[in-house]
Amino acid sequence: MPPTSPIMRWYNEPSSWQDQDGVLTVTSGSNTDFWRKTHYGFIRDSGNFYYCEVAGDFVAEVKVSGNYETLYDQAGLMIRADSRIWMKCGIEYVGDRQNMSTVITRDYSDWSVMPLSENPDALWLRVKRSGGAIEVFFSLDGEDYPLFRVAYLSEATVQVGPMVAAPDGNGVSVTFENFQVLR
């Protein structure tokens, strides 16, 4: 019997999106973000997140490409237990360049960012969850996946899927290809 597609839902559904044949195209809302307290002193839970629910261990993967132009434009994968416990990783546009970025939040957000050697046409992401630990990997070619981050998140059932946000801009257009959750 072939695997069934997960039931996908929106958290903060954007006004413009389409999901067809394994390709999700989204234009984020303006002034959207996921962030909690640290450094900036505010809480934002307004980013666009297309998710399925997953219990136990898994590997989530997606290819993402976008038209990043405004400071902090971002797109990637998110794992979310609730509004206070989550992780987002992927491209974040900072300093006129694409950066690999991960934010781990357990009430307070902590941000890791690394400038990429080039502004790639696409970025592949892979997140592995084992117990409460998550490992974040990325690739510029879809083949070589160096480890970027290891952290504790949660052992609860979580929401997993593509996320996009434009904290300072009018929205960012992105394409997610072949999102999958492997068990």
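Strand β12 (residues 123-130) and strand β13 (residues 133-139) run antiparallel and are joined by seven bridges. Within this pair, R126 stands opposite F137 in β13. Strands here are DSSP runs of E with at least two residues, numbered from the N terminus. Two strands count as paired if DSSP finds at least two bridges between them.

This is a predicted model: local features need pLDDT of at least 70, side-chain atom pairs count only at pLDDT 80 or more, and totals for chains, interfaces and linings use all residues. Residues are numbered from 1 along each chain as its sequence is written, and side-chain values use heavy atoms, with hydrogens and water left out.

**The sheet**

β12 and β13 belong to an open sheet of seven strands. The order is β2-β3-β16-β7-β12-β13-β14, with antiparallel pairing. Its edge strands, β2 (16-20) and β14 (147-152), each pair on one side only. From one strand to the next, the twist averages 20°. For such angles, axes are lines fitted to C-alpha atoms, and values run from 0 to 180 degrees between N-to-C directions.

S16 has T27 in β3 as its bridge partner. β2 and β3 form a hairpin with two residues between them. In that turn, D21 has a positive phi of about 55°.

**Cores**

The largest nonpolar core has 37 residues. A nonpolar core is a set of buried Ala, Val, Leu, Ile, Met, Phe, Trp, Tyr and Cys residues joined through side-chain atoms within 4.5 Å. Buried means under 20% relative accessible area, exposed over 50%, and partly exposed in between, with a 1.4 Å probe and protein chains only. I79, M87, M100, L125 and F176 touch the most other members. Another core lies apart from it, with eight residues, among them W35, Y51, W86 and M163.

What does L125 contact, leaving aside neighbours within four places in sequence? The partners are A60, E61, V62, V64, G76, L77, C89, G90, M100, F137, F138 and Y145. Contact means heavy atoms within 4.5 Å.

**A loop residue**

A122 sits in the loop between β11 (108-115) and β12. Is A122 buried or exposed? A122 counts as buried because its relative accessibility is 11%. Beyond four places in sequence, A122 is in contact with K63, V64, S65 and L140. A122 and I91 are 31 residues apart in sequence, yet 9.2 Å apart in space, C-alpha to C-alpha.

**Pocket and cavity**

Both are found on a 1 Å grid over the protein atoms alone. A cavity is a set of points where a 1.4 Å probe fits but cannot get out. A pocket is an open set with protein on both sides within 12 Å along at least five of seven lines. Lining residues have an atom within 4 Å of a point. Volume is the space filled by probe spheres set on the points, which are joined across faces, edges and corners.

| Space | Volume | Largest share of lining |
|---|---|---|
| Largest pocket | About 490 Å³ | β16, six residues |
| Largest cavity | About 30 Å³ | β9, five residues |

The pocket lining has 22 residues, and the closest to the pocket centre are S5, P6, M8, F179 and Q180. β3, β6 (48-54) and β16 (173-182) each supply at least two lining residues.

The count is one cavity of 30 Å³ or more. The largest cavity is lined by Q74, K88, C89, G90, I91, E92, S101, V103 and M163. β9 (85-94) and β10 (97-106) are the elements that give two or more residues to this lining.

How values were computed:
Helices (H or I, at least four residues) and strands (E, at least two) are DSSP runs, numbered from the N terminus.
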